[in-house]
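Hello! Here are some notes to read with the structure open beside you. Take the points one by one, and find each part on screen before moving on.

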Amino acid sequence: MTQSPGLVPATGAGTATRAGSAEHDLLQSVVDTARAIFGAAASSVLLHDRDTDELVFQAVAGEGEESLVGSRFPAGRGLAGWVLVSGEPMIADDLRKQGMFAKDVAKATGYVPDALMAAPLAHRDRVLGVLEVLDPAEQSRSSLSELDLLALFARQAAAALAVITDRRQEEPPSAVRARGLELVAALRDVLLEGVPAQGANEG
């Protein structure tokens, strides 16, 4: 399969890779919470489509939220691709000096950030995707560094996503959705307190 090096608009995204209702509610809560915690211009969750080896925007808060969901680009591109492959969080304070930054992909989204933080959505031995925070504000809301805080949030969000996915076949959608939102609410409260989260690991 020949892949475009840039962003493929949402109209070209297959419905098979779009999150279901419960997953969407969870991921939207994740990006809304991440944006609020870090005072960012935008936040997004990109999930890895293993069939096409692409990263797909599944939830966006802030800049681009009207049009980006469903858009995709090759998983090997840019900083998000690096985080996906390496499984490590990263922060770039000046993207103009960051050679891995896929500026063409950013331009296609309609918003080119100056700074970026990203962390893998890792659960057990698999990286499900990437959580990005664009142009975060200078702030300190916990005893952890900002990047450590983002990585912690991403790990717990991935665990919550896995819980929803695992339980989707066993419980009615309303119960699954409620459980996912409960997990994210607990994560938000814990992160704002600066204490390591425990509840999201409960299965």
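Predicted model: local features only at pLDDT ≥ 70, side-chain atom pairs only at ≥ 80, totals over all residues.

**Notes on the fold and its largest cavity**

1. How much space lies in the largest cavity? The value is about 270 Å³. The structure holds two cavities of 30 Å³ or more.

2. Which elements build the lining? At least two residues each come from β1, β2, α2, α3 (103–109) and β6. The top contributor is β1, which gives four residues to the lining of the largest cavity. Sorted by class, this lining has 16 nonpolar residues, five polar and three charged.

3. Now step back to the whole chain. The protein chain has five helices and six strands, and along the sequence they follow the pattern α-β-β-β-α-β-α-β-β-α-α. Of the 203 residues in the protein chain, 50% are buried. Take the contacts between residues at least 6 apart in sequence: 59% of them join residues at least 24 apart.

4. The six strands form an open sheet, with antiparallel pairing and the order β3-β2-β1-β6-β5-β4.

5. Strand β2 (residues 54–62) runs antiparallel to β3 and is joined to it by three bridges; Glu54 has Pro74 in β3 as its bridge partner. Between β1 and β6, also antiparallel, there are six bridges, and here Leu46 is partnered with Val130 in β6.

6. Two helices pack on this sheet. Helix α1 (residues 21–38) touches β1 (42–49), β2, β5 (116–123) and β6 (126–134), and its direction makes about 60 degrees with that of β2. Helix α2 (residues 78–86) touches β1, β2, β3, β4, β5 and β6, and its direction makes about 145 degrees with that of β6.

7. Next, look at β5 and β6. Eight bridges join these two strands in the antiparallel sense, and the bridge partner of Leu116 in β6 is Leu134.

8. Is β6 mostly covered or mostly open? Mostly covered: seven of its nine residues are buried. As you follow a strand like this on screen, remember a general rule: in a regular strand, side chains alternate between the two faces of the sheet.

9. Thr33 counts as buried because its relative accessible area is 8%, and buried means under 20%. Thr33 and Ala61 are 28 residues apart along the chain, and their C-alpha atoms are separated by 9.1 Å.

Note on methods. Residues numbered from 1 in each chain as written. Heavy atoms only, no water. Pairing = 2+ DSSP bridges. Contact = heavy atoms within 4.5 Å. Axes fitted to C-alpha atoms, helices over the stretch in contact; angles between N-to-C directions. 1 Å grid on protein atoms, 1.4 Å probe; cavity = no way out; pocket = protein on both sides within 12 Å on 5 of 7 lines; lining within 4 Å. Points joined across faces, edges and corners; volume = space filled by probe spheres on them. Nonpolar A, V, L, I, M, F, W, Y, C, P; charged D, E, K, R; others polar. Buried < 20%, exposed > 50% of the residue type's maximum accessible area, 1.4 Å probe, protein only.
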